[in-house]
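Me: Could you take me through the ligand site and the helix packing of this model, giving the cut-offs as you go?

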Amino acid sequence: MLMPARLLKGVGPRRAEALARLGVETVGDLLYYFPRDWQDRFALKDFAKAFPGGQVVARGIVTRAGEIRAGPRMAIFKAELAVPGPVHIEATWFKHLSRRYDVFAPLKKDLVRGAEAYVVGRAEASLVGVRDIQAEEHYAADDPQRLLNVERIAPVYALTEGITQRWLRALMAEALDRAAESAPDVLPEGLALRRGLLRAPQALRGVHFPGSRPELSAARERFAYEELLLLELAWSLKRREARRLAKGFGYEVKRTLLTPFRQGLGFELTAAQKRVINEIFDDMKSPSPMTRLLQGDVGSGKTVVALSALLLAVENGRQGAFMAPSAILAEQHKATLDKFLSGLPVRTGILTSRTTAKQREKILAAAAAGELDILVGTHALLEEDVRFKSLSLAVIDEQHRFGVRQRATLRRKNSFLDLLIMTATPIPRTLALALYGDLEVSVIDEMPPGKAAAKTIIAGEAESFAFLRAEVQKGRQGYVVYPIIEESSRLDLRSAKAQFERLKSEVFPDLSVALIHGALPAAKKAKIMEEFSAGKHQILVATPVIEVGIDVPNATAMIIQNAERFGMASLHQLRGRVGRGSEASCCFLVGAPQTEEARARLAMAASTSDGFRLSEEDLRLRGPGELLGTAQHGDVALKVADLVRDKEVLARARADAEALLAADPKLLAADNKGLRERLIALYQRRWGWIDLA
Ligand code: ADP
Ligand code: MG
């Protein structure tokens, strides 16, 4: 398993390098380089039924074959194959000629009259009695390679330059022959037996070269289980570790600040807010530090909840940090804080990229001296050299992508710190458990009264622009969102930049239209947001950068262009940006869904305001990557497991992980050695630490 892959047959320096790009250094890496898909590559029985464009495999007897010159540099090779049924096959290869060798030599050798052969390629529209194939591969019937490539379920690997599917299949077969039998199995034997799981050698063969679909599912599921078991072990270890940490002090709910704060709010907290505040307080009062994720739709009132937690810290003579994803959002939070805390003896400060050097110095000194109770800033606040006298709570707003490694870093610096992470992205429970296994989760599942969700309407552009104009005439503002910044030749999408010009000069020439997108420098973005917020512009043309954070209560219209390009969770986030004030507001989904699925998605987004339902659906349709972004994916090592499809495997893995650790908390038993080593290899670096010492 540890043998370098370059010692395998046919791996020269070039290919060794290409393999390394795929993360394959050893034979063991190679065996665990799983296919990204599997294809049924059986010879077609009836070519009259082959549909144009699809890949087909033909098996037949060569009746004619030969090269045809097509130009000074191009040549064509044609082969006619007699296949069962009423049609015959005409396979065509196009190649650039080479001065140095005969590009068709292998074809000339294998495809001679009377020989039996396989041809793989794309079927083209056919004439009566003939089926044209744009050929890609061929195999002589007695070629041992063909056993790996046709007349079977064949693996499809993710490739890189310099490596072909066919070559990698051959290499994999060799690696399996050499090393599969001795492949170590990380799963303890008793567990594998009890769960009816294949052992590693058989599973490795089955995942790469399955003999049947059931064999493939058994093998795939075996590895999915292994991955999920390791993940659940890692999370469980993290939770155990956190439980062992002690804050060394206890909070007491004194209400000296909390009561006047509540009274000054001017509204009654919703039942959901009260519930999550209690959950948070219980965590804060407990001896081990809190790591809690607070989910709640845009506008559900997370800020007040965060403030309550911060005030509990302050009541106990400690300090809190309140962090937002951007300077402008931090400023907004600071303003909210000052509004709600006016008259209370709470000292607040703000520190962002826009703080002047002089102010900064003052703030730093105050934080260090304990003369500041709550410091608001961007997410970088705790990474910078800010020293607190007695920081005990950090609230991180709008940041579900705050990964496990970052959490670990924070913990290492402040092992007693209570951590509250807030997000408006509704993350379905299964996914939250798998991706944030070290977090407790609270959900605000109720909107404050009178905060009606934006009405969502599927409409044409003209209709939506008319509504926007009418709103502007009433003194309101609106957003027009495009999926991309600039036109690209590859995607037929409207872009913010180009459409901004059109909107400004043709559609709304009499209004002030501004443009904001992710490629602008932060200071520029902040300036535009401020101007929009202050009512200087009536219309803001944007890319999805506005998804996170901004709050302009006067904005009552949102138009999402090419809406079919957005995931439902994104649509939901975006529309949450309107309806922040007391005015009724509207979100228009404009687009041309090409598929039934895209149409259904838009209809679903329009029909419900339940973010969790939408993100469940998103997850089902598009997978977790879309929902959470790739950054998040880096946290967990899953190659074959699929958090949607393997829900039940996950549940089994979770139960087994708990049982394993209950019996052997450090995985020191001989049976668990494989798991232990694999855990360290997978998660030690990725997560900062796992405590297995
Ligand atoms: P988010 O969860 O998106 O961060 P905010 O905390 O910004 O939401 O709250 C949105 C608005 O609702 C704010 O203006 C806030 O003051 C108000 N709000 C919060 N809780 C309540 C409540 N219980 N009743 C009425 N208004 C509330
Ligand atoms: Mg908020």
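Reply: What follows is a set of questions and answers on the ligand site and on one pair of helices. The model is predicted, with local features requiring pLDDT of at least 70, side-chain atom pairs pLDDT 80 or more, and totals for chains, interfaces and linings using all residues. Residues are numbered from 1 along each chain, ligands are numbered from 1 and chains lettered from A in the order written, and side-chain values use heavy atoms, without hydrogens and water.

Me: How many residues surround ligand 1?

Reply: A residue counts as near if one of its heavy atoms lies within 4 Å. The closest include E268, Q273 and T303, and the residues surrounding ligand 1 number 16.

Me: Which residue places a polar side-chain atom 2.6 Å from an oxygen atom of ligand 1?

Reply: Nitrogen atoms of the ligand are involved elsewhere: one is 2.9 Å from a polar backbone atom of E268, and one is 2.9 Å from a polar side-chain atom of Q273. For the oxygen atom at 2.6 Å, the residue is T303.

Me: How are α11 and α12 oriented to each other?

Reply: The axes, which are lines fitted to C-alpha atoms over the stretch in contact, with angles from 0 to 180 degrees between N-to-C directions, belong to α11 (residues 302–315) and α12 (residues 327–340), and they come within 11 Å and cross at roughly 65 degrees. Helices here are DSSP runs (H or I, at least four residues) numbered from the N terminus. Since 65 to 115 degrees counts as roughly perpendicular, α11 and α12 are therefore roughly perpendicular.

Note on methods:
Polar contact = N/O pair within 3.5 Å; in protein donor to acceptor, adjacent residues only side chain to side chain. Helix = DSSP H or I, 4+ residues; strand = E, 2+ residues; numbered from the N terminus. Parallel < 35°, antiparallel > 145°, perpendicular 65-115°, else oblique.
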